[in-house]
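Hi,

Here is the structure I said I would pass on to you.

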Amino acid sequence: MLSTVFSFFTKRSGLLCSSLLVLSLALGACGFKLKQAHPLPFTTLYTNISDNSAFGAQLRRVLSVNSPSLRFVSQPELAQVQLIQEQLQRSVRDLSLDPSGQVENYELHLELIFSLIDAAGQAILPPTVLSSTREIPNSPTNSEAKNQEMEALFQNMEMSLVDRVIRRLSASDITEAYEASQRSATPSNTPRAQPPASATSFN
């Protein structure tokens, strides 16, 4: 009896291992892989994105984890690269109405415009737009709860934009553009750049 039970579990274990191996191979064939950090090619960064906002604080945290050698500086002239937020705008619109004319669903939209420039003021990444849109049902009887739900959803959307910003900054073309700008820079003629007048911090 004991040998029969042992044989049963041995067969089940072998089947489980085989299944996991097949699953692993299938995921590999589909191109699936875990997220990996891609450190940025520069080590000093200035940004006008406020670290007093949830968005700014999370962006700095993820950048620091992704690139442990990265140091944030408080003045543009001290940075190898400047990450400039030109806009981070929220908007809400009525998406649909019920038969009585009351709002049934809202559409939340978040848009970020940012750029990356080198110490000479040249664009490594020209103004780039990232956006996120979500739908949320209305609760006419509890406006306070609905406002809190909208705020929580907007914050979730901001966190998703942080990941997208990191992926964009970590892309190979950004590394290539930065390295090219370093090769073309000359010590005697390297004016320092200032953030564009349109750039604003998100608080």
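Below is what turned up, starting with the sheet and ending with a pair of rings.

One thing to keep in mind: this is a predicted model.

Let's begin with the strands. Five of them make an open sheet, in the order β2-β1-β3-β4-β5, with mixed pairing. The edges are β2 (71-72) and β5, and each has a single partner strand, so one side of each has no neighbour in the sheet. Strands of a sheet pair through backbone hydrogen bonds, and they can be parallel or antiparallel.

Follow β3 into β4 and you'll see an antiparallel pair joined by 15 bridges. Ser 91 sits opposite His 109 in β4, for instance. The two strands form a hairpin with five residues between them, and Gly 101 in the turn has a positive phi of about 90°.

β4 is mostly covered, with twelve of its 16 residues buried.

Now for helix α4 (residues 172-184). Its 13 residues should span 18 Å at 1.5 Å a residue, and the end C-alpha atoms are 19 Å apart, which agrees. Which residues of α4 are buried? They are Ile 174, Tyr 178 and Ser 181. These three cover an arc of only 60° around the axis, which means they lie on the same side of α4.

Last, the rings. How many aromatic pairs does a search of the whole structure find? It finds one. The ring centres of Phe 42 and Tyr 178 are 5.5 Å apart and the planes are at 70°, so the pair is edge-to-face. It links distant parts of the chain: Phe 42 is in the loop between α1 (2-29) and β1 (44-47), while Tyr 178 is in helix α4, 136 residues apart. Buried means under 20% relative accessible area, so Phe 42 counts as buried at 1%, and Tyr 178 does too at 5%.

Cheers

Notes
Residues numbered from 1 in each chain as written. Predicted model: local features only at pLDDT ≥ 70, side-chain atom pairs only at ≥ 80, totals over all residues. Heavy atoms only, no water. Helix = DSSP H or I, 4+ residues; strand = E, 2+ residues; numbered from the N terminus. Expected span 1.5 Å × (residues − 1). Buried < 20%, exposed > 50% of the residue type's maximum accessible area, 1.4 Å probe, protein only. Arc of directions from axis to C-beta. Pairing = 2+ DSSP bridges. Phe/Tyr/Trp six-rings, centres within 6.5 Å; stacked < 30°, edge-to-face > 60°.
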